[in-house]
Amino acid sequence: MTNADLEKLVDTSDEWITSRTGIKARRIAPADVAPTDMAVKASEKAMEMAGCAKEDIELIITATVTPDRRLPSNSCILQDKLGLVNAAAFDIVAACNGFINGLSISQAYIENGQYKKILLIGVEKLSSITNYTDRNTCVLFGDGAGAVVIEASDNGSGIQSTFMKSDGTAQKWLWIDVGSAANPYQFGVDHKGQDKILMSGADIFKVAVKEMGNAINKVLDDAGLTGSDISLFVPHQANIRIIEAMARRLKLSMDNVFLNIEDYGNTSAASVPIALDEANRSGRLKPGDNVVMVAFGGGLVWGSALVRW
Ligand code: UT7
């Protein structure tokens, strides 16, 4: 869905969307494609790249706010679709930071030896919860999936440090009011978009720049590194202006920042793994590189991860 397509739906323009967000297009999954259908494709590619057999996956973690169903979890549906018969499976709900939370959880399980191979997926069908009459939000979001296989390394590469933080007092800055247990759908009632994503974008913008900057410094400090040690910065792709502000704060050249927001918009939990995969497949990552990932989303939740490639 291009900016020109959105100009036909709401009072917006390619100029406004491009200059305020950096987004030119976003991908919208067809009605008959479920989030786990996208997750299957991402997972198969990740397992192929990792040379990992299906029976070796011991844990499936899916980060999503748009599961196929409320019950069971996407991870269990994915387990069935992929035949990952030896795995435990659960989902995590941490909006745009879900993949980072998943990295942190995986790091703990791998380090304590409980699981040897973990399949971590970030997948969203945000088009299913986007209000296409609200220009404040509908220009931002897209659908997608990304996945990684995580296992122990014996050469010092891999996850060096992770950080997670939340602030539930600002829960209404990015939320869906109607349609779940606390406030169910009512038959015959027009919910006036309260059953779709509601966002106070400008409030989030300011806190996102500050807290993602702090989160990056935290994982760098933990590893005894500074901003100049970052080989590639793979941020959550929510807004080019947020990413540029963070890069300025860290005195990081934009040459060291991976961007694909132009093509996909904000895909929430799928954003960082899609960007990581594109960075990897396009040859931007070399052994020994320090890769910093960071994200911020509804909850509020935010976090960062430092990975040595
Ligand atoms: O990923 C999870 C976390 N979410 C985020 O990180 C989102 C963070 N926030 C943002 O990225 C930005 O705040 C937005 C892109 C959502 C909005 O950009 P902004 O520069 O903060 O704009 P604004 O909300 O302050 O709105 C400025 C003006 C308003 O008009 P008035 O009141 O000044 O006349 C809006 O009504 O822009 C108007 N506007 C639009 N105009 C054309 C808002 N959306 C649009 C639009 N097209 N799509």
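**Figure 1. Arg281 and Asp277 lie about one helical turn apart in helix 10 (residues 271–281), being separated by four residues.** In this predicted model, the two side chains form a salt bridge, with the closest N and O atoms 2.8 Å apart. Arg281 is partly exposed, at a relative accessible area of 45%. Asp277 also counts as partly exposed, with 26% relative accessibility.

**Figure 2. A salt bridge joins the side chains of Glu151 and Lys117, at an N to O distance of 2.4 Å.** The pair links distant parts of the chain, the two residues being 34 residues apart. Glu151 belongs to strand 4 (residues 143–151), and Lys117 to strand 3 (residues 117–125). Glu151 is partly exposed, with a relative accessible area of 39%, whereas Lys117 is buried, with a value of 18%. Across the whole structure, a search finds nine salt bridges.

**Figure 3. The side chains of Asp289 and Lys286 meet in a salt bridge.** The N to O distance for this pair is 3.8 Å. Asp289 counts as buried, at 9% relative accessibility.

**Figure 4. Asn97 occupies the loop between strand 2 (88–92) and helix 5 (98–112).** The relative accessible area of Asn97 is 0%, so this residue is classed as buried, the cut-off being under 20%. When neighbours within four places in sequence are left aside, the contacts of Asn97 are Ala295, Phe296, Val301, Trp302 and Gly303.

**Figure 5. Ile216 and Phe233 touch the most other members of the largest nonpolar core, which has 40 residues.** Helix 7 (201–222), helix 8 (240–249), strand 9 (290–297) and strand 10 (301–308) each contribute at least two residues to this core. Helix 7 provides the largest share, eight residues. Because domain 1 (3–155) and domain 2 (159–308) both give residues to this core, it lies between them. In soluble globular proteins, nonpolar side chains tend to be buried together.

**Figure 6. Phe233 is in contact with Ile216, Met246, Leu252, Asn256, Val257, Phe258, Val292 and Val294.** This list leaves aside the neighbours of Phe233 within four places in sequence.

Note on methods. Residues numbered from 1 in each chain as written. Predicted model: local features only at pLDDT ≥ 70, side-chain atom pairs only at ≥ 80, totals over all residues. Heavy atoms only, no water. Salt bridge = Lys/Arg side-chain N within 4 Å of Asp/Glu carboxyl O. Buried < 20%, exposed > 50% of the residue type's maximum accessible area, 1.4 Å probe, protein only. Contact = heavy atoms within 4.5 Å. Core = buried A, V, L, I, M, F, W, Y, C linked by side-chain atoms within 4.5 Å. Domains from an automatic or database assignment.
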